[in-house]
Amino acid sequence: MTECAWSATRTKRTYFSARYKKLAARRGKNRALVAIAAEMLKMVYHMLKDGTAWPKPTERQRLLLRARE
């Protein structure tokens, strides 16, 4: 799972990339990576449990990602 998190954090302009940068600044790179993996696992669990698709980013999320670049 951490390999998936590592890949997701290296992709530019994504939720996980922005979240990783924020966490890594406070907690360190390794802890941030494990936190992202746990967050991804929770999202996948709820998507499978509820039968929902990955949500499209809202306009607010898009603006936040642009502001962090």
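I began with H2 and listed its buried residues: Phe 16, Ser 17, Ala 18, Tyr 20 and Leu 23. I note that the model is a predicted one.

Next I checked the extent of H2. It covers residues 15-27, 13 residues in total. From first C-alpha to last, I get 18 Å, close to the 18 Å expected at 1.5 Å a residue.

I recalled the helical repeat. An α-helix has 3.6 residues a turn, so residues three or four places apart point the same way. I then returned to the buried set of H2, which includes Phe 16, Tyr 20 and Leu 23.

I looked at what comes after H2. Gly 28 follows, and its phi is positive, near 105 degrees.

I moved to Thr 9. I find this residue in helix H1, which spans residues 2-10. Is Thr 9 buried or exposed? Its relative accessible area is 4%, and the cut-off for buried is under 20%, so Thr 9 is buried.

Which residues does Thr 9 touch, leaving aside those up to four places away in sequence? I list Phe 16, Ser 17, Tyr 20, Leu 33 and Ile 36. Phe 16, Ser 17 and Tyr 20 are also on my list of buried residues in H2.

Last, I took the chain as a whole. I count 4 helices and 0 strands. The order from the N terminus is α-α-α-α. The chain has 69 residues, and 22% of them count as buried. I took contacts between residues at least 6 apart in sequence; 53% of these join residues at least 24 apart.

Technical notes
Residues numbered from 1 in each chain as written. Predicted model: local features only at pLDDT ≥ 70, side-chain atom pairs only at ≥ 80, totals over all residues. Heavy atoms only, no water. Helix = DSSP H or I, 4+ residues; strand = E, 2+ residues; numbered from the N terminus. Buried < 20%, exposed > 50% of the residue type's maximum accessible area, 1.4 Å probe, protein only. Contact = heavy atoms within 4.5 Å. Expected span 1.5 Å × (residues − 1).
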